[in-house]
Amino acid sequence: MVLSKTASQSDVSVHSTFASRYVRDSLPRFRMPENSIPKEAAYQIINDELMLDGNPRLNLASFVTTWMEPECDKLIMDAINKNYVDMDEYPVTTELQNRCVNMIAHLFNAPLGEKETAVGVGTVGSSEAIMLAGLAFKRKWQNKRKAEGKPYDKPNIVTGANVQVCWEKFARYFEVELKEVKLREGYYVMDPVQAVEMVDENTICVAAILGSTLNGEFEDVKLVNDLLVEKNKETGWDTPIHVDAASGGFIAPFLYPELEWDFRLPLVKSINVSGHKYGLVYAGIGWVIWRNKEDLPEELIFHINYLGADQPTFTLNFSKGSSQVIAQYYQLIRLGHEGYRNVMENCHENAMVLKEGLEKTGRFNIVSKDNGVPLVAFSLKDNKRHDEFEISEYLRRFGWIVPAYTMPADAQHITVLRVVIREDFSRTLAERLVLDITKVLHELDTLPAKVNAKLAMAEENGHVKKSEIETQREIAAFWKKYVAERKTNKNKIC
């Protein structure tokens with residue numbers, strides 16, 4: 001069927017590339033159309049627009065899984081219409097979730113007896129998992145303070161300034177002060193000594209990160225635990241630890257099995273991990289595991305019966321798809337310890353190939369560590385003429401999405417590029433990326449230093465000469481504003 005009307009409201013309409021075959025009528029961009037259109041036309045219109053999205057496998061900014069086996073893809077599609085929350089209707093899916101919780105709890109060395117089941121829940125991602133863990137800490141702290149007749153209105157969490165934004169969301173949404181240990185040049189994770197010094201009677205937990213978003217580094221959870229044990233003895237407090245293992249929870253057990261960061265440490269009461277990162281499942285699935293039943297206050301668990309049976313639930317949302325839970329179970333039994341270890345070792349080796357290739361250019365400082373999340377974070381040795389934001393922008397011409405960003409306080413004068421190595425990032429791609437970065441560097445070398453030229457002109461016109469750090473900060477601010485404006489303009493166009 002062909003619709004014969006035409007319209008020319010290009011600023012408010014959506015047009016199909018293959019208009020002559022399916023439809024010649026434009027669609028309103030921000031309103032539901034009055035009439036139906038053929039299914040072929042709807043598909044083609046959307047498919048054409050999506051062609052302008054980036055290639056997920058070349059999105060090196062993301063930790064999220066972008067490839068799974070066809071067999072798992074089929075399981076996902078077969079379960080796409082199942083609502084996980086309806087446990088009575090889909091008891092097998094519920095059973096698979098419980099198996100996943102127990103497998104992950106054992107992976108994290110939870111102190112479980114032979115017939116004891118783990119305490120945990122599947123979530124949409126680590127953001128929801130962190131919210132749930134934070135609420136458990138807050139409620140448990142409040143209950144204890146109430147019983148002691150002490151004020152309970154000013155809870156806080158101690159963490160590093162390198163935390164992911166979900167921690168800031170939790171603090172703001174649930175009225176908890178976030179006490180951040182500032183970073184410093186050359187040290188981009190939470191300092192355990194400073195963190196424990198910031199702990200007070202209102203601290204509901206210390207949050208340690210196993211795999212910093214900024215440079216992939218593992219924080220020293222064992223040192224935090226040991227220092228906090230001593231402080232708790234001195235003060236009579238019982239301040240616990242939560243480990244944000246969103247990125248590193250499926251890495252450390254396989255690459256660094258001797259590293260003590262999990263429930264082997266007595267003060268670690270809960271751990272979150274992202275199944276959709278190195279758990280090797282598409283977005284979005286996360287997990288939060290508690291050490292014991294006592295660490296999850298019973299009053300936070302709701303019981304419902306209007307879906308057919310009594311069902312306990314502890315989530316921020318209600319309905320969610322079953323597919324990712326099933327996909328996680330598939331990966332756990334399909335790969336086992338051997339398979340996960342092979343994937344993680346391969347990712348680590350590819351990260352080293354990329355690191356060595358970047359070092360050979362002689363132009364970069366490597367900011368990431370060899371031990372940690374398989375990623376490479378790097379910055380220019382000399383960014384007086386051109387900086388990391390320009391490199392990021394020019395790499396998009398080759399299809400690569402490589403983020404450039406400034407470090408948090410007090411290291412915000414440091415700008416970094418980061419490449420996350422996932423399972424589908426091959427050694428060939430690593431070598432290709434180095435070649436393309438080299439091309440970008442050569443091209444930038446031939447161009448005038450636009451930003452620095454403006455700064456130099458300002459100095460010549462009588463402005464006070466800035467220090468090198470001030471200049472770097474001004475350059476970083478300029479490029480952050482530039483990138484933000486470009487994103488805003490693109491959104492307006494779309």
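Biologist: Why does glutamate 175 count as exposed?

Modeller: This is a predicted model, and in it glutamate 175 has 64% relative accessibility. Exposed means over 50%, so glutamate 175 counts as exposed. Its place is in the loop between α6 (165–173) and β5 (177–181).

Biologist: What makes the phi of glutamate 175 worth a look?

Modeller: Most residues other than glycine have a negative phi. The phi of glutamate 175 is near 55 degrees, a positive value in a residue other than glycine. Leucine 280 also has a positive phi, near 70 degrees.

Biologist: Where is leucine 280 found, and why is leucine 280 called buried or exposed?

Modeller: Leucine 280 is found in the loop between β8 and β9. Buried means under 20% relative accessible area, and leucine 280 has 3%, so leucine 280 is buried. Leucine 280 is also one of the residues that line the largest cavity.

Biologist: What else lines the largest cavity, and how much space lies in it?

Modeller: About 60 Å³ of space lies in the largest cavity. Its lining includes Phe63, Trp67, Lys277, Tyr278, Arg422 and Asp424. By class, the lining residues divide into four nonpolar, two polar and four charged. The search of the whole structure finds three cavities of 30 Å³ or more.

Biologist: And which elements give two or more residues to the lining of the second largest pocket?

Modeller: About 670 Å³ of space lies in the second largest pocket. The elements that give two or more residues to its lining are α4 (91–107), β3 (119–123) and β11 (311–313). The largest share, five residues, comes from α4. Of the 27 lining residues, Gln97, Asn98, Gly120, Val121 and Pro312 lie nearest the centre of the pocket. The lining divides into 13 nonpolar, 11 polar and three charged residues.

Biologist: What makes the peptide bonds at glycine 284 and aspartate 410 stand out?

Modeller: Most peptide bonds are trans. A cis peptide bond joins alanine 283 and glycine 284, with omega about 5 degrees, and another cis bond joins alanine 409 and aspartate 410, with omega about 0 degrees. Glycine 284 is found in the loop between β8 (268–274) and β9 (286–290), while aspartate 410 lies in the loop between β14 (404–406) and β15 (415–420).

Biologist: How do you know that aspartate 200 and lysine 179 meet in a salt bridge?

Modeller: The cut-off is a nitrogen to oxygen distance within 4 Å, and this pair has 3.0 Å, N to O. The pair links distant parts of the chain, with aspartate 200 in the loop between α7 (192–198) and β6 (203–209) and lysine 179 in strand β5, 21 residues apart. At 23% relative accessibility, aspartate 200 counts as partly exposed, whereas lysine 179, with 15%, is buried.

Biologist: Which parts does the salt bridge of arginine 427 and glutamate 349 tie together?

Modeller: Here the closest N and O atoms are 3.6 Å apart. Arginine 427 lies in helix α12 (residues 427–445) and glutamate 349 in helix α10, so the pair ties together parts that are 78 residues apart in sequence. Elsewhere, salt bridges that share partners join Arg57, Arg422 and Asp424 into one network. The search of the whole structure finds 20 salt bridges.

Biologist: How do you know that glutamate 388 has no salt bridge?

Modeller: The nearest side chain of opposite charge, arginine 363, is 10 Å away, and a salt bridge needs atoms within 4 Å. Leaving aside residues up to four places away in sequence, glutamate 388 touches Ser379, Leu380, Asn383, Ala404, Thr415 and Leu417.

Biologist: One more, then: why does phenylalanine 318 count as partly exposed?

Modeller: Its relative accessibility is 36%, and the cut-offs are under 20% for buried and over 50% for exposed, so phenylalanine 318 falls in between as partly exposed. Phenylalanine 318 lies in the loop between β11 and α10 (323–361). Its C-alpha atom is separated by 9.6 Å from that of aspartate 86, 232 residues apart along the chain.

Note on methods
Residues numbered from 1 in each chain as written. Predicted model: local features only at pLDDT ≥ 70, side-chain atom pairs only at ≥ 80, totals over all residues. Heavy atoms only, no water. Buried < 20%, exposed > 50% of the residue type's maximum accessible area, 1.4 Å probe, protein only. Lys, Arg positive; Asp, Glu negative; His and termini not counted. Contact = heavy atoms within 4.5 Å. 1 Å grid on protein atoms, 1.4 Å probe; cavity = no way out; pocket = protein on both sides within 12 Å on 5 of 7 lines; lining within 4 Å. Points joined across faces, edges and corners; volume = space filled by probe spheres on them. Helix = DSSP H or I, 4+ residues; strand = E, 2+ residues; numbered from the N terminus. Nonpolar A, V, L, I, M, F, W, Y, C, P; charged D, E, K, R; others polar.
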